[in-house]
Amino acid sequence: GVLRVARDARLGCTADDVVGQFATLSFDASALEIWSAFANGATLVVSTARVLSVEELGSLLRAHGVTVVWLTAGLFHEIVDTDVRMLSGLRLLMAGGDALAPQHCRTVVEQLPGVRLVNGYGPTETTIFAAVHTVEAESLGATVPIGSPIGRTRAYVLDSWLRPVPAGVAGELYVAGEGVTRGYAGHPGMTASRFVASPFSGDRMYRTG
C-alpha cells in the first residue's frame, strides 16, 4: 500500500531529490517521507529534534538542500504566514491532513513558481494518500480540491444504499484499492461499520464519513 503512494507518477520523486523526514514515526506521514526516498533512490534527511520551530525547519531545509517535503495543513499555513520564501528551495511541496486555505495556496503558487504544490488527501485507514491534486493559480476557488485517486486506488461518492450519486448531488466518499487497511484491531463492530463490501468489485471499501 505504501509503495503505490511513494511511486505515484504525479508526485514524481526521483533519485535526484532530497526528502525531509520530519514527522514522528507514529504518524503515517512518516512512511510517506521515508519510502518516497527509499523507493526512488533519493536522499533522506532525518531531523533529530523532537520539536522544530518554523525558523528551525527553514534552516534545516536550506542547510541540506531539501527538495521534497510533506507539511500538515496547519504547519503549511504557519510557514506561509511567517515567510513563504523559506520554501523556495523545494521542488515538490505536499500538504494536507486538513483543508488547505486557498489564499495560502495562492501565495505559494504565485510567489514560488518553481515549487509544485500538491494537496494530499487520505484518511489513515487508506494508507497515507487516497487522492492528490496539483494546485494551480487559475483553478483556485473558494476551496482547494482533493483531486483524483492515486494509482491502484478507487473513489466513489455514494448514497446510503451504496449507489453512485449524480454530479453535484451530496453523497458520502468511499475509498477502495490496495491502500485500504484491514480494520481496527480489537474493535470488530467499528470495523464492520466503516469497512464495507464494494458493490462494484467485491473488495472492501472504507467509508470516510
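The exercises below work through a predicted model, each with a solution in steps.

Residues are numbered from 1 along each chain as its sequence is written. In this predicted model, local features need pLDDT of at least 70 and side-chain atom pairs count only at pLDDT 80 or more, while totals for chains, interfaces and linings use all residues, and side-chain values use heavy atoms, with hydrogens and water left out.

**Exercise 1.** Determine how many salt bridges a search of the whole structure finds, and describe the pair formed by E178 and R152.

*Solution.* Begin with the term: a salt bridge is a side-chain nitrogen of Lys or Arg within 4 Å of a carboxyl oxygen of Asp or Glu. Side chains of opposite charge can pair when their charged atoms come close. With this rule, the search of the whole structure gives 8 salt bridges. In one of them, the side chains of E178 and R152 meet at 2.8 Å, N to O. This pair links distant parts of the chain, 26 residues apart, since E178 lies in the loop between β9 (172-177) and α6 (188-194) and R152 in the loop between β7 (148-149) and β8 (153-158); helices (H or I, at least four residues) and strands (E, at least two) are DSSP runs, numbered from the N terminus.

**Exercise 2.** Decide whether D159 and R163, which meet in a salt bridge, are buried, partly exposed or exposed.

*Solution.* First take the cut-offs: buried means under 20% relative accessible area, exposed over 50%, and partly exposed in between (1.4 Å probe, protein chains only). D159 has 18% relative accessibility and therefore counts as buried, whereas R163, with a relative accessible area of 47%, is partly exposed. The distance between their side chains is 3.0 Å, N to O.

**Exercise 3.** Locate L25 in the chain and give its separation from S160.

*Solution.* L25 has its place in the loop between β1 (18-21) and α2 (29-38). Its relative accessible area is 66%, so L25 is exposed. Finally, L25 and S160 are 135 residues apart along the chain, and their C-alpha atoms are separated by 36 Å.
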